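This report covers domains, salt bridges and aromatic pairs. The sequence and the model come first.

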Amino acid sequence: MASSKPTVFSGVQPSGQPTLGNLLGAFQPFVKYQDTHTAFFCVVDHHAITVRQTPEELAENTLSVAARYISCGLDPAKCTLFVQSHVSAHAELGWVLNTFTQMGELERMTQFKDKSLRHAQNINVGLFDYPVLMAADILLYNATEVPVGEDQTQHVELARDIATRFNNLYGPTVTVPKAIIPKAAARVKDLQDPTRKMSKSLGGKGTLFLTDSPAEAAKKIKSSVTDSLAQITYDPENQPGVANLLEILAALTHRTPQEAAKEFKGQQYGALKSAVAEAVVQCLEPLQDRYNGLMADKAELQNILRKGAEKARAVAGPTLARVMDKVGYARF
Ligand code: TYM
């Protein structure tokens with residue numbers, strides 16, 4: 001029987017180590033949904049291979065992202081945690097949705113443009129087609145809400161367009177989703193270049209990884225780039241470095257960046273950096289303890305993901321069947 005709760009779906013790629021951006025833009029905001037929503041959280045391995053991965057690392061990182069989800073507070077008893085490739089409906093619906101997506105729409109995706117520049121030797125068709133698979137992920141679970149960082153909103157918009165197009169042609173079949181972005185830290189910036197998004201692929205001193213030791217993490221915050229204006233106000237346009245620190249602090253202390261700025265009125269940047277470093281370390285330490293504990297029992301993580309895939313299949317299968325029936329596949 002259909003539940004009366006709204007549904008959320010989101011995914012994280014098992015490529016490299018997650019960053020503070022992933023934590024504040026995704027993992028942390030996900031947790032609240034498990035009590036109010038039917039919630040699906042996925043480790044999107046099909047997406048990860050659009051950039052070349054080392055096979056052993058991909059397998060390890062797949063479990064690692066699952067451990068991150070749980071260490072950040074997701075409870076497998078309250079939500080469904082699973083691996084994308086364990087549910088074959090993702091690739092199948094992705095194929096169908098390809099035929100409802102125009103080349104021009106995918107050519108406009110800013111992430112494709114960015115990644116094509118960064119991976120000029122491997123601009124594969126999967127990288128181009130990636131947002132269609134993402135639409136399939138979301139639509140399979142009838143998700144109404146898709147919590148993501150700001151960089152993914154364009155992809156969720158495309159999923160909305162594809163869903164609407166399908167429904168217009170065949171009558172109501174799939175749920176039209178919408179993106180939800182966090183109030184603070186929806187786009188955590190690189191600590192050394194606050195005009196760019198913090199990204200695991202950029203690496204270096206500007207990227208704070210969730211695997212960084214507390215001392216390393218504090219050092220990265222304390223050596224972050226600010227400006228020479230010597231005033232703590234929330235002004236992303238003119239003070240992107242300070243605004244980034246205020247966003248991080250706000251997200252960790254459940255306030256708005258403007259509220260966080262008030263606390264530092266008249267103080268020096270050093271005081272703000274110390275406060276942010278302390279908040280980050282306080283958050284990271286227990287998280288890393290839980291994460292290490294979970295990674296020490298891989299059999300248990302695999303068990304959780306196996307059960308999650310079973311629950312996911314039970315929802316994804318009927319959606320795929322509905323779509324195939326509408327399109328006219330001969331299913332008997
Ligand atoms: P991925 O793996 O790049 O990132 C996972 C989540 O982290 C968010 N994020 C950030 N948020 C704030 N500041 C940052 N610097 C930052 N960097 C990353 C991302 O917005 C994302 O929410 N395509 C997706 C994965 C995906 C997905 C889906 C998401 C596949 N299918 C279906 C939602 C629904 C991606 O590459 O995320």
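Is Glu105 buried or exposed? Glu105 counts as buried, at 9% relative accessibility; buried means under 20% relative accessible area, exposed over 50% and partly exposed in between, with a 1.4 Å probe and protein chains only.

## Basis

This is a predicted model, in which local features need pLDDT of at least 70 and side-chain atom pairs count only at pLDDT 80 or more, while totals for chains, interfaces and linings use all residues. Residues are numbered from 1 along each chain as its sequence is written, and side-chain values use heavy atoms, with hydrogens and water left out.

## Salt bridges

The structure holds eight salt bridges, each a side-chain nitrogen of Lys or Arg within 4 Å of a carboxyl oxygen of Asp or Glu. One of them joins Arg165 and Glu105, at 2.6 Å from N to O. Arg165 belongs to helix H9 (residues 153-170) and Glu105 to helix H6 (residues 103-107), so the bridge ties together parts 60 residues apart in sequence. Helices (H or I, at least four residues) and strands (E, at least two) are DSSP runs numbered from the N terminus. Arg165 is partly exposed, at 30% relative accessibility.

Glu60 and Lys298 form another salt bridge, with the closest N and O atoms 3.4 Å apart. Glu60 is in helix H4 (residues 55-71) and Lys298 in helix H14 (residues 298-327), 238 residues apart. Glu60 is partly exposed at 37%, and Lys298 is partly exposed at 29%.

## Aromatic pairs

Twelve aromatic pairs are found in the whole structure. Rings of Phe, Tyr and Trp (its six-membered ring) pair if their centres lie within 6.5 Å; planes under 30 degrees apart count as stacked, over 60 as edge-to-face and the rest as tilted. Phe82 and Tyr141 make a tilted pair, 5.6 Å between centres and 50 degrees between planes. Phe82 lies in strand E3 (residues 80-83) and Tyr141 in the loop between helix H8 (125-140) and strand E4 (145-147), so this pair ties together parts 59 residues apart in sequence.

## Domains

Domain 1 comprises 7-180 + 298-327 and domain 2 comprises 214-292, with bounds from an automatic or database domain assignment. Nine residues from domain 1 and nine residues from domain 2 make the contact, meaning heavy atoms within 4.5 Å.
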